Amino acid sequence: MSFNLLIDLNYDIYRFDKLDSTNSHLLKLGNEGFPEGTVVVADEQTMGRGRFGRKWEAEPLSNLLFSILLRPNYLNPDEIFVLTFAASVAVAEAIEDSVHIKTELKWPNDILVDSKKVCGILLESSFSASGLSHVVLGIGVNVNQEKFSAEIAGKATSLFISTGKKYERDEILFLVLKRFSLTLETLRSRNFYSVMKRWRDRSKIFGKKIKLALSGKTIEGVCDDIGDDGAIIILTADGLQKFTAGEVTILET
Ligand code: BT5
């Protein structure tokens, strides 16, 4: 099933009962020329994915699973990273507005509630011969899911698990889209600082002892900063080092 609903700021929303992955579907629509602001929402994904091909788990009809198509010609290719931070801030603010709970942001793409992951964001880019063609921002928010598989139960939560209440998924979707379009305006005016500040204000990572796992190795040190390029800067025994990917664990709270 799909239907099309036009709300402010030229979002076109296509809704599906079931898809392999909203990101995969929207990447294809992007290739077919669909415009910036096209949104694909699914009640269920059969192959929902995270970074590095990892699985995104979501009980059908319980969570928000959607992707937004962007054609960010207002950003340089090395600035695309900022969209993940903008989306994180938009989701965090939408959750705070609608559910009235505190969120925490974890580098680079996680939103936490009660120190557990409530939302993950997956940014994927598509290139043509002439450069960046489009970007798809995939967002999975655990809304009404009551329990998770044993594999992730210790580190995942939902708005229901945190508050004991069920939420209208569409209400949260519209709030996120609204917040995101405002955040995008800020980026269009090249005020990256404001977006990054809203991200930093919700992150507890700075000055903390952390562990970064990436491609089979682990780096330990103190988180010094998040650079202008979105990379994490860690003070290690060998001095300051910069990383653009990896899985962070905070070793002290
Ligand atoms: C992410 O990856 O966090 C990005 C997830 C993006 C999902 C959305 S849903 C709509 C759109 N369509 C897609 O196909 N994807 C996007 P990453 O940082 O790699 O985290 C993945 C890891 O989080 C997994 O390996 C699990 O450990 C854990 N995980 C899986 N499902 C989860 C869930 N529902 N809640 C919390 N953690 C989860």
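This is a predicted model: local features need pLDDT of at least 70, side-chain atom pairs count only at pLDDT 80 or more; totals for chains, interfaces and linings use all residues.
Reader: Into which domains is the protein chain divided, and how far apart do their C-alpha centres lie?

Author: The protein chain is divided into two stretches, with domain 1 covering residues 2–200 and domain 2 covering residues 209–250. Taking the C-alpha centres of domain 1 and domain 2, the distance between them is 24 Å.

Reader: How much area is buried between domain 1 and domain 2?

Author: The two domains touch through 12 residues of domain 1 and 14 residues of domain 2. Carbon and sulfur atoms give 56% of the area buried between them, and that area is about 980 Å².

Reader: How many salt bridges does the rule find across the interface of domain 1 and domain 2, and which helix gives the largest share of the side of domain 1 that touches domain 2?

Author: Across this interface the rule finds three salt bridges. Arg54 and Glu247 also form a salt bridge, in which the closest N and O atoms are 2.8 Å apart. On the side of domain 1 that touches domain 2, the classes are seven nonpolar, no polar and five charged residues. The largest share of that side, three residues, comes from helix α5 (residues 192–200).

Reader: Is Ser67 buried or exposed, and with which side chains does the side chain of Ser67 make polar contacts?

Author: Ser67 lies in strand β4 (residues 64–70), and because its relative accessibility is 0%, while buried means under 20%, Ser67 counts as buried. Beyond residues up to four places away in sequence, Ser67 touches several others, including Leu26, Val39 and Leu137.

Reader: How far apart in space are Thr84 and Pro108, C-alpha to C-alpha?

Author: Thr84 is found in helix α2 (residues 82–99), and at 10% relative accessibility Thr84 counts as buried. Leaving aside neighbours within four places in sequence, Thr84 is in contact with Pro108, Asn109, Ile121, Leu123 and Leu137. Although Thr84 and Pro108 are 24 residues apart in sequence, their C-alpha distance in space is 7.7 Å.

Reader: Why does the salt bridge of Glu104 and Lys204 tie together parts that are apart in sequence, and how many residues apart are they?

Author: In this salt bridge the closest N and O atoms of Glu104 and Lys204 are 3.2 Å apart. Glu104 lies in strand β5 (residues 104–106) and Lys204 in the loop between α5 and β9 (209–214), so the pair ties together parts whose separation in sequence is 100 residues.

Reader: Is Asp201 buried or exposed?

Author: Asp201 forms a salt bridge with Lys197, with the closest N and O atoms 2.9 Å apart. Lys197 is partly exposed, having a relative accessible area of 36%. Because exposed means over 50%, and the relative accessibility of Asp201 is 52%, Asp201 counts as exposed.

Reader: How many salt bridges does a search of the whole structure find, and which residues are linked in a network of salt bridges?

Author: A search of the whole structure finds 19 salt bridges. The residues linked in a network of salt bridges are Glu93, Glu96, Asp97, Arg179, Arg198 and Arg202.

Terms used:
Residues are numbered from 1 along each chain as its sequence is written. Side-chain values use heavy atoms; hydrogens and water are left out. Domain bounds come from an automatic or database domain assignment. Contact means heavy atoms within 4.5 Å. Buried area is the accessible area (1.4 Å probe) that two parts lose on being put together, summed over both. A salt bridge is a side-chain nitrogen of Lys or Arg within 4 Å of a carboxyl oxygen of Asp or Glu. Helices (H or I, at least four residues) and strands (E, at least two) are DSSP runs, numbered from the N terminus. Ala, Val, Leu, Ile, Met, Phe, Trp, Tyr, Cys and Pro count as nonpolar, Asp, Glu, Lys and Arg as charged, and the others, Gly among them, as polar. Buried means under 20% relative accessible area, exposed over 50%, partly exposed in between (1.4 Å probe, protein chains only).
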